[in-house]
Amino acid sequence: MNKFRVSGFTLRVLGSGLLLSKHNPKRETRNLNFASRARRAIADERLQGALARAMDHFVHGREIAFAELEDPAALKQHGRAIRAHTLAHLDEYLALLAQSVQRHGGHVHWARDAAEANRIVVELARERGIRLAVKSKSMATEEIYLNHALESAGVRPVETDLGEWIIQLAGETPSHIIGPALHKTRAEVIALFAKATGRPVPPDAPIPDLTRIAREELRQHFLAAGMGISGVNFAVAETGTVVIVTNEGNGRFATGLPPIHVAVMGAEKVVPTWEDLMVLLKLLTRSATGQRISSYVNCITGPRRPNEPDGPDEFHLVILDNGRSDVLGQSRFREALYCIRCGACLNVCPVYRKVGGHAYGSVYPGPIGAVLTPLFQGLDKFPELPHASSLCGACKDACPISIDLPRMLIDLRQIEAEGKPILNFRFWILDFRLLSTSNQRWVERVLFRLYGWALQYPVLYRLGAKVGYWVQRPLVRDGRIPSVPVPPFSGWTQFRDFPQVAAQPFHERWSKLEDGEAA
Amino acid sequence: MAELSTGAFLDRIRTALRRGDRRESALARPGEPVTPADARVHANAVRARAVAAFPVSLECFAEKLTAVGGKVHCVESADQARRLLLDLAAAQQVGHAAICAYPDLANLGLEDALAEAGITVTRVAPSDWTPEIRQALRVDLVQADLAISGADYAVAETGTLVLAAGSFNPRTATALPRIHVALVRPERLLPTYQDLTLLLKADWLSDDSQLSSSCFTFVTGPSRTGDIEQTLTIGAHGPGEMHVIWLVYESR
């Protein structure tokens, strides 16, 4: 970090020396990117319609799927226990996984970061002269921008999950973990397919016809591809089995037709045994799409056996760190790695439901994204994401692993506000952070300290209530305060009215009631 | 820069774990893993229980599979099985069928029946799978309209079939054609996934933890997608139609 706040000024440390400039909040990235993207999303009527349709559909499905279970709470607890135990012994289970994969003739590659993972996959393709790769849906490959790396190396990646293919054709990133193209309308899809296939598609083509077009077009690629790339929903350590969950069947083709299968997984996706796998599979499909189980679950262990008529001759598993070991080492954030990527938290989040995935500016959106993105990529690059939440707690309730996302969002906000003190001076309510990496404005800091100090003394609190009542008088209209013209308080009244301080505060009414009773 | 070695990668993890809360590292295992040897000890009991529970399991299986668009039939003789298959093939204008030579399908006379009806039949049976033979098989599977298979297991809990890749069952055989029909004997139907896991380990996992099939596919109904405007479409990349025919009669 080479940019510091110095009481109202910004001090930049440059190669050529120090630059002191007047602090300009508008130049700060805080709130600028997310807020402006969010505003754009809220104004986008097509997106709002798509979100309204999709969110309730997912939530309803999940609720029904869990309601029919005998003991959903017990299942969730069991799932959490498996994740907690696995992450606490992650090194052992990864070692076992690697041994098991190798025992069955597969290869294991360890990638410390995105660049390395991309290098590994590109090298595998280059060594074999591969020009075309088919991909089944993988958030891990989105995280590392694998498609971009492949294209730069002259390998054409074709997404085969219908939603992923649609956004690939549109040149966009996914807007939801489970339904990447939920923001696209049928009309937009028709235009994309017409361009991709080079054939006209009638503007009133029904959705089954569009699905058939995708099937025909992508089948050619499945049969011609030199490499199949997949993600990994879970990897079973005891046998080295990677598990891939799909509804469309594209997973079966991407992993079964090309001569080499490359599976990319985040290191935290390992699962100790098949018994554990069954528990987590049950939680995953019900939480993600409200299904008891998806149409297809592929459990793949190494390359084809000699007596098998088809299947790849080579199997490669790429295990990705990319910031995960850092998160593992922070006790209060470790449970963010328990995530099984079901997307349930997105569907209930009042923020996500309104702004969609692209507003978050990174591959993982919603509550889990607001926690993982700053942890993986740096809080300084995404300081506004932990604030993209009302802390309502719906995400924690919806999560099949009961990950405490609200607590982690608060912890991230605390880290962001405190920053790292380098040179500071504290006396009473005065807190001069002469040099720190905090993003918090000094006005905010002083006011919070004042508030915290005054609340310790009932006399001051009551005096404050009385003074507040009189000071607010000019601003009150009809019992509410519609606008406070003074920044930073003006932000509070931009979209809603503030309730007024009562003429008779509660503590006065309570005393009167008590006196009345005693009398 | 050379690729990270196993040791280096795991060291990063170990260092991180040491930094974290020590109490978390002592987390107990939720449930004991079942070894292949344990599994084999209990396998017969699991099978016997499954056979006894067949009527109840079948009802559950049919309910769950039908709910997701699969079709369930019961036949009481090999003759009925043949006639049902021919009816399905005729209704869907099948010109080419691929049969995976599962043991359950032996003695059903399916190939002859289909051939007599004028349908081209590709029989997938254990063979020397040379690259040329494999390529020829792929061409056949791509052209086939109908895939006929058995199943290694079925799970009543979700209406699911479990197919293991093997010498007569290519991974993609039941995925490429637009219709999949599975003929299954009742003793393969298991009530729960717990039963399935135990039998998978008993039947396919050796004592030195070697799995003898590279791919187990759990198939539940036809392929589907909801990716366009959240509208459900049955039939995506995999088959658009899926049938399970239960052979509920004594085998000869």
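1. Ground rules. This is a predicted model, with local features needing pLDDT of at least 70, side-chain atom pairs counted only at pLDDT 80 or more, and totals for chains, interfaces and linings using all residues. Residues are numbered from 1 along each chain as its sequence is written, chains are lettered from A and ligands numbered from 1 in the order in which they are written, and side-chain values use heavy atoms, with hydrogens and water left out.

2. Cysteines. C349(A) has its closest cysteine sulfur in C392(A), 6.4 Å away and too far for a bond. For C215(B), the closest is in C299(A), at 7.5 Å, again too far. C349(A) is buried at 9% relative accessibility, and C215(B) is buried at 1% (buried: under 20% relative accessible area, 1.4 Å probe, protein chains only).

3. The sheet. Eight strands (DSSP E runs of at least two residues) make an open, mixed sheet, ordered β11(A)-β8(A)-β9(A)-β12(A)-β9(B)-β6(B)-β5(B)-β8(B). Pairing takes at least two DSSP bridges. β11 (270-271) of chain A and β8 (189-190) of chain B are the edges; each has a single partner strand, so one side lacks a neighbour in the sheet.

4. Inside it. β9 (241-246) and β12 (296-300) of chain A pair antiparallel over five bridges, and V242(A) has I300(A) as its bridge partner.

5. Chain A overall. Of its 519 residues, 56% are buried.

Methods: Buried means under 20% relative accessible area, exposed over 50%, partly exposed in between (1.4 Å probe, protein chains only). Helices (H or I, at least four residues) and strands (E, at least two) are DSSP runs, numbered from the N terminus. A disulfide is a pair of cysteine sulfur atoms within 2.5 Å.
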